[in-house]
Amino acid sequence: GLGSNLLLVVPGEISFGSAPTSSRLTLSDVDVIGRVVGDRQRVAATVTSGETLRAGNNELFATVQGVTETVPDVFARPVNRGEFLRRSDVDTRRRVVVLGARAAEGLFADRDAVGRQITIAGVRFRVVGVLARTGSSSFAGADPDLTVYIPITAAQRLFGTQRVDGLAVKAPDLDEIDALGGRITATLQDRYPGEKFSAVTQEQILGVVGRILSLLT
């Protein structure tokens, strides 16, 4: 459901049961990794928080992802109505938001959300798009249909941070995915001496999920 040929690039070493590592990644790393991949459009950056959303008398708690405009190029996230974020939205920290299907229903019921206003953590955003329903839940606990997307620059201002939690890369070729992951982590470790980075493939993610499910069984 995430998309194909995907690499998730995160700080620290990924191992079963390991605690997350604080991130030193910044937005400038998107361009650097874009050059390694050969196409900036294949790199998406994210910063994530859980926040309260309000529209009129309706309120819900949702995952808010600050992202680059490249998310539809990297992940399988088709838009049902309106449009996704634009590069200009990221460049200007515009307060616009794309809603997951369940988030749109929770805030606006049967009304069209596009063009309407919501508040995220008390700050007003304009809805520019609603995503198609995925009908699946993420293993990490964040329901993609209950996730909303805002420009990563606006999110950094909203959350009071300059960090980037992780990068996602759509590899051009499945056969080259491991080698590409090695080049990406080597590049980041050169940029941040003494820091470790991991590039995790979908097969590795599924392997971890499988081990956890086996453990639960």
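## Thr-153 and helix H5

Thr-153 is buried at 13% relative accessible area. Buried means under 20% relative accessible area, exposed means over 50%, and partly exposed lies in between, with a 1.4 Å probe and protein chains only. Thr-153 belongs to helix H5, residues 152-159. Helices (H or I, at least four residues) and strands (E, at least two) are DSSP runs, numbered from the N terminus. Leaving aside residues up to four places away in sequence, Thr-153 touches Leu-27, Asp-89, Val-90 and Arg-93. Contact means heavy atoms within 4.5 Å.

Six of its eight residues are buried, so H5 is largely enclosed by the rest of the structure. Those six are Ile-152, Thr-153, Ala-154, Ala-155, Gln-156 and Phe-159. They pack against strands S2 (43-55), S3 (58-67), S7 and S8 (147-151), and against helix H3 (87-91). Arg-157 also sits in H5, but it counts as exposed at 52% relative accessibility. Arg-157 and Arg-93 are 64 residues apart in sequence, yet 8.3 Å apart in space, C-alpha to C-alpha. Gly-160 follows H5 and has a positive phi, near 70 degrees.

## Basis of the model

This is a predicted model: local features need pLDDT of at least 70, side-chain atom pairs count only at pLDDT 80 or more, and totals for chains, interfaces and linings use all residues. Residues are numbered from 1 along each chain as its sequence is written, and side-chain values use heavy atoms, with hydrogens and water left out.

## The chain as a whole

The chain has seven helices and ten strands. Its radius of gyration is 17 Å, close to the 17 Å that the globule rule gives for 217 residues, so the chain is as compact as a globular protein of that length. The radius is taken over C-alpha atoms, and the rule is 2.2 Å times the number of residues to the power 0.38.

The C-alpha trace spans about 50 × 45 × 30 Å along its principal axes. Of the 217 residues, 43% count as buried. Take contacts between residues at least 6 apart in sequence: 72% of them join residues at least 24 apart.

## Helix pair H1 and H6

Helix H1 (residues 28-37) meets helix H6 (residues 177-191). Their axes come within 10 Å and cross at roughly 140 degrees. That makes H1 oblique to H6. Axes are lines fitted to C-alpha atoms, for helices over the stretch in contact, and angles run from 0 to 180 degrees between N-to-C directions. Angles under 35 degrees count as roughly parallel, over 145 as roughly antiparallel, 65 to 115 as roughly perpendicular, and the rest as oblique. The crossing of H1 and H6 is right-handed, meaning the near helix is turned clockwise from the far one by less than a right angle.

H1 contributes Ser-28, Asp-29, Val-32, Ile-33, Val-36 and Val-37 to the contact, and H6 contributes Leu-180, Arg-183, Ile-184, Thr-187, Leu-188 and Arg-191. By class, the contact has seven nonpolar, two polar and three charged residues. Ala, Val, Leu, Ile, Met, Phe, Trp, Tyr, Cys and Pro count as nonpolar, Asp, Glu, Lys and Arg as charged, and the others, Gly among them, as polar.

## Positive phi at two alanines

Most residues other than glycine have a negative phi. Ala-109 has a positive phi, near 55 degrees. It lies in the loop between helix H4 (101-108) and strand S6 (117-120).

Ala-121 also has a positive phi, about 50 degrees. Ala-121 is in the loop between S6 and strand S7 (123-131). It is partly exposed, with a relative accessible area of 41%.
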